[in-house]
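Dear colleague,

I am passing on the structure below, together with some notes on what turned up in it. Please have it open beside you as you read.

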Amino acid sequence: MTFLERIKNHKKETFLVVIILFFGIGLILKLKQEEDLDYNRKLGIAKLLRITNGSNSHKWVDYQFYENGKLIETSDPLRASWPNHIREGKPVIRAFYPVEFDRENPQYSKIIITERPLKLQQVLKDHISVYGNVLLASPVSDNYVDLRIEYNYQGVDFNFRTRLHKDSLPCGNVESCKESQIKLLVSKHYPEVNDLYFKSYDRKNLLEQYKLN
């Protein structure tokens, strides 16, 4: 065997060792993440954003959830694989599902695709009452009024628009609503969700679309 042939063989051996080390280290890190998840597990609520295509025809579930006021956006493989992911039903885009995550490292999480998404009453079951500021009260017809409302939860500002019948305004009439404060029920797990958002006259179809009813 010539000197050049020996160098070539050593390169092949070195490459093989590097590949083995690469996968070995990856496996050790994954096992450590799973161990930490078991020890620091916390449950929350996630919104399923989309299904995306990855390499080798693998599909991914993109989702987001809140932890301590911080929005976490991440993804999981669509198919159940090691480490195990719960996939009991067909995922519904923009619906809500349970999520488990490492309280010390929330980026490491797993969305739980249950047989059916969570209903609105389940998302709001663990809630807090907050006061929202009415920024705008504007009639859009003889019977309906648009309210633009802003509220704060865990240091994060949220604002939304809701369309309500003029006889069911939580702040009286249009004039009394302007620059007033109204009480909202806000989900502790997903604070973008509040009771008045889905009471909006023009959002009734979302309850069916997102399987919230």
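A salt bridge here is a side-chain nitrogen of Lys or Arg within 4 Å of a carboxyl oxygen of Asp or Glu. Please keep in mind that this is a predicted model. By that criterion the side chains of Asp 126 and Lys 188 meet in a salt bridge, at 3.9 Å from N to O. This pair links distant parts of the chain, 62 residues apart, with Asp 126 in the loop between helix 2 (120–123) and strand 6 (127–139), and Lys 188 in the loop between strand 9 (181–187) and helix 4 (204–209). Asp 126 is partly exposed at 34% relative accessibility, and Lys 188 is partly exposed with a relative accessible area of 38%.

The structure holds 12 salt bridges, and one of them brings together the side chains of Glu 67 and Lys 42, at 3.1 Å from N to O. Glu 67 lies in strand 2 and Lys 42 in strand 1, 25 residues apart; Glu 67 is buried at 9%, whereas Lys 42 is partly exposed at 27%.

Asp 146 also forms a salt bridge with Arg 163, their closest N and O atoms being 2.7 Å apart, and this pair connects strand 7 with strand 8. Salt bridges that share partners join Asp 146, Arg 161, Arg 163 and Asp 202 into one network.

Finally, a search of the whole structure finds 1 disulfide, formed by Cys 171 and Cys 177 with their sulfur atoms 1.9 Å apart. The torsion about its S-S bond is about 95°, so the disulfide is right-handed. Cys 171 is buried at 13%, and Cys 177 is buried at 0% relative accessibility.

Best regards

How values were computed. Residues are numbered from 1 along each chain as its sequence is written. This is a predicted model: local features need pLDDT of at least 70, side-chain atom pairs count only at pLDDT 80 or more; totals for chains, interfaces and linings use all residues. Side-chain values use heavy atoms; hydrogens and water are left out. A disulfide is a pair of cysteine sulfur atoms within 2.5 Å. Buried means under 20% relative accessible area, exposed over 50%, partly exposed in between (1.4 Å probe, protein chains only). Helices (H or I, at least four residues) and strands (E, at least two) are DSSP runs, numbered from the N terminus.
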